[in-house]
Amino acid sequence: MRLIISVLLLPSLIAAAGPDWPKVEQHAVDVLQEYVRIRSINPPANTSETAKLLAREFAAVGLTAKLYESAPNGRTNLIVRLPGKDRTLRPLLLLNHMDVVPVDPSRWKQDPFGAQIENGMLWGRGSLDMKSTAIQQLTAMIQLKQLGVVPPRDIVFLSNCDEESDGSMGAGWMIEHHWDELNPEFVLDEGGIGSRDLYSPGKLVFGVSVGDKQVLWIKLRATGTSGHASQPIADNANDILFRAIAKAKEFPKSDKPNLVVEQMRRQLGDFAPNKFMNAVQQNTISLTTLRSGVGDPPKVNVIPSIAEATLDCRLLPGQSAEEFLSDIKARINDPHITYELLSHPDDPGPSRTDTSLFHAIETAIHKQHPEALVVPVIIPYGTDTQKFRKRGAVGYGVMPMIVDAATLATMHSDSEHIPLAEFRTGLHIYFDILTGTW
Ligand SMILES: [Zn+2]
């Protein structure tokens, strides 16, 4: 009798086994619009309203969010935990940030906080970076809870308040004060994305970031002799600085092969000729500030005794920052130049890819896009994941949408937007990642 009943129940169990996708997709779009409309601009990184919205969504399925204020005036971080089968395993962390960079509304054609949908695009600050990914993570986790799917290990959802500065009040603060609630084995965050033109011309590639470049900021200061500009002198601080900058930028390509870049080459063949791929495959130096002159406004007829410049250097994982700096010093080789380090890179190296989670990501992407190449990549900018890699976690950056290079470049710009159909497909990919085996 018991056997017969379970056989009879089977069809309805199967029907209930998957999400009601049309309804789930529409709700996710609605929540994303609501989320983008909240002005969680950093500074001041007041994320109390965004945290309330996310907490409300989790509460609707019986998941309780814990809110942590890291600083006054609403700097709020949020944690939600979904218990897994084996509570002894370290969790999978779904990492995201609620803050967004500021806007110049006069430069926007759309309302930057309108979340307007037009011609299949959703416009607004944070739509790409990274409110869409956060809602994909949230939706997938909520579906697991609703369908009674118990993940192999705990899933922890963490939304931070200040990734867009240095993360010290967000991920950094949570790591420092609430590590016992985190301690992840795996981290999924923003980073890599799908594209047909960003990585390699004409190939559908999903980059899964396994490492961020190291940030090395150097201030160069040239000291010379001041004097009347009518009589040029050899130790003009500006001339000394200019020569030093030129020499600093003449750096040779690293002869040490980078394992991630080598693998990218094997999988992709030709790299697309754009600034993203240029930065991904090598160490880079950008001259970002120059400061000199006497008086305000600076006098044209005075040779100053001091001139300063900052170099924003980005190094591949595995490159020694000390070595890079001492090479710069050796090339400049001028006692009139002094060096100040404005950042102190601490390189955890890239995350390995021979993991069950990487395999689950690959499988989930291939289910939607069988022809896609899923490729571990390095990303040129920094993310909060790096803080967790330093603590021994394996971290991957996955934004499960296909965008072209031009759309990706709208991140932080005055026309930030995402293709809505890609957001919807990404909901499926994220759900499939979370229902995978890891
Ligand atoms: Zn971001």
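Predicted model: local features only at pLDDT ≥ 70, side-chain atom pairs only at ≥ 80, totals over all residues.

Q: OK. How is the chain divided into domains?
A: There are two pieces: domain 1 covers 19-211 + 350-434, and domain 2 covers 214-341. Their C-alpha centres are 34 Å apart.

Q: How many residues are in contact between them?
A: On the domain 1 side 18 residues take part, and they meet 19 residues of domain 2.

Q: Which elements of domain 1 give two or more residues to that side?
A: Those are β8 (205-212) and β15 (373-379). The largest share is from β15, with five residues.

Q: And what's that side like by class, in nonpolar, polar and charged residues?
A: On the side of domain 1 that touches domain 2 you get 13 nonpolar residues, three polar and two charged.

Q: Zooming out, how many helices and strands does the protein chain have?
A: The count is 13 helices and 17 strands.

Q: What are the spans of the C-alpha trace along its principal axes?
A: About 105 × 45 × 45 Å.

Q: How much of the chain is buried?
A: Buried residues are 42% of the 438. As for contacts with a separation of 6 or more, 81% of them are between residues 24 or more positions apart.

Q: Let's switch to α3. How far does that helix reach?
A: Helix α3 runs over residues 48-59, and its 12 residues reach 16 Å from the first C-alpha to the last, close to the 16 Å expected.

Q: Which of its residues are buried?
A: Thr-50, Ala-51, Leu-54 and Glu-57. Looking down the axis of α3, those buried residues fall within an arc of 125°, so they line one face of the helix.

Q: What do they pack against?
A: The buried residues of α3 pack against α2 (21-37), β1 (66-71), β2 (75-82), α4 (127-147) and β6 (155-160).

Q: And which exposed residues are on the face turned away?
A: Arg-56 and Ala-59 are the exposed ones there.

Q: New topic: Arg-37. Where is it found?
A: Arg-37 is in helix α2. With 15 other C-beta atoms within 10 Å, Arg-37 is partly exposed. Setting aside neighbours within four places in sequence, Arg-37 is in contact with Phe-113 and Ala-115.

Q: Now the backbone. Which peptide bonds are cis?
A: One joins Pro-43 and Pro-44, with omega about 5°, and Pro-44 is in the loop between α2 and α3. Another goes from Asp-129 to Met-130, with omega near -15°; Met-130 is in helix α4.

Q: Why point those out?
A: Most peptide bonds are trans, and most residues other than glycine have a negative phi.

Q: So which residues other than glycine have a positive phi here?
A: Asn-73 is one of them, with phi about 65°, and it's in the loop between β1 and β2. Asn-183 has a positive phi near 40° and is in the loop between α5 (171-178) and β7 (186-195).

Q: Is Asn-73 buried or exposed?
A: Asn-73 counts as exposed, because it has 10 C-beta neighbours inside 10 Å. Asn-183 has 17 other C-beta atoms within 10 Å, so it's partly exposed.

Terms used: Residues numbered from 1 in each chain as written. Domains from an automatic or database assignment. Contact = placed C-beta atoms within 7 Å. Helix = DSSP H or I, 4+ residues; strand = E, 2+ residues; numbered from the N terminus. Nonpolar A, V, L, I, M, F, W, Y, C, P; charged D, E, K, R; others polar. Buried ≥ 20, exposed ≤ 12 C-beta atoms within 10 Å, placed from the backbone. Expected span 1.5 Å × (residues − 1). Arc of directions from axis to C-beta.
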